[in-house]
Amino acid sequence: FDIVIKKLVNLAGGRRALIPIYVFVIMTISCALGMGTSGVVILLCTIAASIAKDQDIDPIFMLLSVLTGATVAVGSPVAVIGIICNGYSEELWGQRIAPSYMLPHALALAVLSFAFLYIAFKGWKLERWPKTKAEDVPKLNGKQIISMLGMVVFIVLSIVAGFDIGLSAFLVASVLLLLGCADEKKVIATVPWSSILLISGMCMLIGIVQQAGGMDLLTNVLKTMMNRYTVKPLYSIIGSLLAMVSSITGVILPSMIPTIPDIAAAANVNPFAVVTALAFGANCTVTCPVSSMGAIALGIMSTNPKWDS
């Protein structure tokens, strides 16, 4: 990613106004392809902060460009949020919500958010600088190229060929490890086992709550607060507030999506729109400084003494 983004900066030809757009686009594509949001956000925020320092661009602008691009992950069928939403939509409505519905809507919301950001920071007013020398950017080595091709193979297997997403991921990862593209011990150590256990445990807990009638009680309470005009904004706000203090994939989606069918039917709205509003509102919290990703972004920005205030 570091090399790719530096090459994109070179392609800008000194036109600094294009650099935040490139950062947003590469983040959007990365998340749409299912790359782990947390790891990609941390990596790209670090790169964006470095570029901001080199190109004298407001680092808040650059970091928000990264975080805004991350919100498109809610619509990817191979990203964790998209996979969870698909699982529930198939169980509740008999069809998948991503990518057919969620991806175009999530992409539109992300683009509109970035457009607002670009206007607010007056990105078009960034003056052109002399072009950076292309030879300063290293070339991709064989392992990096093979790894990127592996990601393409994963997308083809899971989306085009319709293979199981988990099995496809294990297959491609195993082949890449056998080819020596990474150290398997380090790779396995980076797997978020705590998150996997959290999601599994929450799904079990939600199942128990449903059997005990707790979801019906929560749904009836929410019905009194919502109508066809307020249901989507309120679900988005609820998702945002909950995401500040809890896990999107482990807590918010498993606990809130089961309440949507009855409420959407009572309010006469598209339930897929409510799911999208919930997921997008929750994922937007990455830009909040009290969230884990927002705090990490601020920490990365503060490494530059000029902006550490």
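Visitor: What is the relative accessible area of arginine 96?
Guide: This is a predicted model, in which local features need pLDDT of at least 70, side-chain atom pairs count only at pLDDT 80 or more, and totals for chains, interfaces and linings use all residues. Residues are numbered from 1 along each chain as its sequence is written, and side-chain values use heavy atoms, with hydrogens and water left out. A residue is called buried under 20% relative accessible area, exposed over 50% and partly exposed in between, with a 1.4 Å probe and protein chains only. Arginine 96 belongs to the partly exposed residues, since its relative accessible area is 43%.

Visitor: Which residue does arginine 96 meet in a salt bridge?
Guide: Side chains of opposite charge can pair when their charged atoms come close, and a salt bridge is counted when a side-chain nitrogen of Lys or Arg lies within 4 Å of a carboxyl oxygen of Asp or Glu. The structure holds 1 salt bridge, and its N to O distance is 3.3 Å. The side chain of arginine 96 meets that of glutamate 90.

Visitor: How many helices does the chain have?
Guide: Helices (H or I, at least four residues) and strands (E, at least two) are DSSP runs, numbered from the N terminus. Of the 309 residues of the chain, 43% count as buried. The chain has 0 strands, while its helices number 16.

Visitor: Among contacts between residues at least 6 apart in sequence, what percentage joins residues at least 24 apart?
Guide: A contact here means heavy atoms within 4.5 Å. When the contacts in the chain between residues at least 6 apart in sequence are considered, the share that joins residues at least 24 apart is 73%.

Visitor: At what angle do H13 and H15 pack?
Guide: Two packed helices are described by the angle between their axes and the distance between the axes. The axes are lines fitted to C-alpha atoms, for helices over the stretch in contact, and the angles run from 0 to 180 degrees between N-to-C directions. Helix H13 covers residues 248–256 and helix H15 covers residues 271–283, with axes 11 Å apart and an angle of about 155°.

Visitor: Which residues of H15 make the contact with H13?
Guide: H13 is roughly antiparallel to H15, because angles over 145 degrees count as roughly antiparallel, under 35 as roughly parallel, 65 to 115 as roughly perpendicular and the rest as oblique. From the side of H13, the contact is made by Ile248, Ile252, Leu253 and Met256. From H15, the residues are Leu278, Ala279, Ala282 and Asn283.

Visitor: How many nonpolar residues are in the contact of H13 with H15?
Guide: Ala, Val, Leu, Ile, Met, Phe, Trp, Tyr, Cys and Pro count as nonpolar, Asp, Glu, Lys and Arg as charged, and the others, Gly among them, as polar. In the contact of H13 with H15 there are no charged residues and 1 polar residue, and the nonpolar residues number 7.

Visitor: Which residues of H15 make the contact with H6?
Guide: H6 and H15 pack at an angle of about 40°, with their axes 11 Å apart, and that makes H6 oblique to H15. On H6 the contact involves Met102, His105, Ala106, Leu109, Ala110 and Ser113, and on H15 it involves Thr276, Ala279 and Phe280.

Visitor: Which residues does leucine 103 touch, not counting residues up to four places away in sequence?
Guide: Leucine 103 lies in helix H6, which runs over residues 102–120, and at 25% relative accessibility it counts as partly exposed. Its C-alpha atom is separated by 8.8 Å from that of glycine 82, which is 21 residues away along the chain. With the sequence neighbours left out as stated, leucine 103 touches Val72, Gly75 and Ser76.

Visitor: What is the phi of aspartate 56?
Guide: Aspartate 56 is placed in the loop between helix H3 (37–55) and helix H4 (59–70), and it is partly exposed, with a relative accessible area of 42%. Although aspartate 56 is not a glycine, it has a positive phi of about 55°.
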